[in-house]
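Subject: Structure handover, salt bridges

Hello,

I am passing on the structure we spoke about. Please open it alongside the notes below.

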Amino acid sequence: MERTPKSMRCHIGLFGRRNVGKSSLLNALTRQNVSIVSQHAGTTTDPVEKPMELLPLGPILFIDTAGIDDSGALGEMRIAKTRQAIERTDIAVLVTESHLFGEFENKLLENFKKYNIPVIIVFNKTDKNPSYKLVLKELKINHKIVETSTILKTGLDELRKAIFEAAPDDIINNPPLISDLVSPGDTVILVVPIDKEAPKGRIILPQVRTIRDLLDHNALSVVVKENELKKAINMLKVTPRLVVTDSQAFQKVAQDTPEHILMTSFSTLFARHQGDLQEMVKGAVKIENLQPGDRVLIAESCTHHPIGDDIGRVKIPNWLTQYTGGKLNFDVYQGRDFPQNLSDYNLVIHCGACMFNRKLVLTRIHQCREAGVPITNYGLAIAYSLGIFERALRPFPGALKIFENEKMEVI
C-alpha cells in the first residue's frame, strides 16, 4: 500500500493552533514517530505527510500542518503552507483544547466550509483538563466531536471511526476513469508516444492507471506508438471500442482513426476522473474569446525539468497562438504553487493532474469560478485548438451536450 500514488489516497489534514498536540495525535494514530514532538510551540514547520492504510477506508495520506496561529515572517510562510494543505484536504481534523476554542478555530471552520470539506473536531489533552466536559456544553458546535488524550491513549479508536464515517462519497466510490466506457471483452487501443518527456524505462501515471482500470474490468488493452496506430487497427479482427491517445499526438491519431471509432485522450479521461469534465469543457470553449495580449495561466501538477519542446511551455502556447492569430501572454506555475489573484488571467489551462488528488483539482476549479476565470485542461485545450474537440467528446454524451450549448452562446 505504501506504493499507492498520493493522488489516489484520501487526504486527511490535521489543523489547529501551535502546541495543541497535532503531531502527538498523528504519532498515536499511526503508532509511529512520524512527526517531531516538543513542548515548544511551532515545532512543525512544513506539512508532514504520512501515507498508510486505514481500514476500512483504505489507502490514506495524513497531513500534519503548522499551527495556524504562528507569527512573524516565517510564521506567515508556514501558514501559507497550511492553507495549501487545506486546498487538497478531503477530511479535516481540527485539533484544539476546550479552553482554546475561539477565533482561530472559527476561521478554520470557515475555510473548510468554503471548500466543502467535512470536519471532525478533536478536543485533545483531556487528561490535563478534567473539567473540559463542562466547557464543551457551553460551545455550540455542529460538527462531530471526539475527545482524546495521547497520554492516556483514549479516543483514538473513536477518531478512526469518525474519519471513516466522514469520508465523502467520491472517496469511497471514485468517479470512473475508463471502465464505464467499455464492456468486458472490448478492445481499447492506447496510443503512447515515446518521446523526450517519456520517463526512461516506464510510462507515465495516466497511462498506467488507464491500463490497470481496463484490466480490472476485463477489457483488452493494445498499446502502440502513434506511428503504429493504423497498423494496429488493420491487424485487429474486431473493431476497437475506443482509441485513447496522449494529447500531444491528438492530431495524427484523429487522422489515423476511422470516424466510426470513438477517440479521446488520457487528459480528457482525467478531466472527468480528477475534476469536473463539464466545467472544463465550458472553459475550453472560452478559447474562442481569447484576444491578442490576453493572459493565460498554465498549471502543471508535477515539477519535471522542462525540455525544449515542452507541452505546457511550447506546444500549447504555439497551438493557441496559431488558433487566435495573435500573441498571447503565458505564465507557468508548477506543483502546488497557484496564483492568489486569478482575475489577472483570461484562461487557466491545467494539466491532467495525475499527481494531485481530486480534491485539489476541484478546489482550483472552485477558485477559478469564484474569480470568474474559465478553466480547462491540456487535452481539451489541444483538441479545441486543433479543431477536433467535438470528436474527442463523443465518448461523453453529457459533456458533448454542454459543448453544443456553450458553442451556441459563443456564436
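The notes below cover the salt bridges. Please keep in mind that this is a predicted model.

The structure holds 19 salt bridges.

Start with Asp 256, whose salt-bridge partner is Lys 252. Their closest N and O atoms are 3.0 Å apart. Both residues belong to helix H9 (residues 250–256), where they sit 4 residues apart, about one turn of the helix. Asp 256 counts as buried because its relative accessibility is 13%, under the 20% limit. Lys 252 has a relative accessible area of 36% and is therefore partly exposed.

A second salt bridge joins Arg 369 to Glu 279, with 3.6 Å between the closest N and O atoms. This pair links distant parts of the chain: Arg 369 is in helix H13 (residues 358–371) and Glu 279 is in helix H11 (residues 277–285), 90 residues apart. Arg 369 is partly exposed, at a relative accessible area of 45%.

Is Asp 310 buried or exposed? With 0% relative accessibility, Asp 310 counts as buried. Arg 313, at 27% relative accessibility, counts as partly exposed.

Finally, there is a network of salt bridges that links Lys 6, Glu 49, Arg 88 and Arg 336.

Regards

Definitions and conventions
Residues numbered from 1 in each chain as written. Predicted model: local features only at pLDDT ≥ 70, side-chain atom pairs only at ≥ 80, totals over all residues. Heavy atoms only, no water. Salt bridge = Lys/Arg side-chain N within 4 Å of Asp/Glu carboxyl O. Helix = DSSP H or I, 4+ residues; strand = E, 2+ residues; numbered from the N terminus. Buried < 20%, exposed > 50% of the residue type's maximum accessible area, 1.4 Å probe, protein only.
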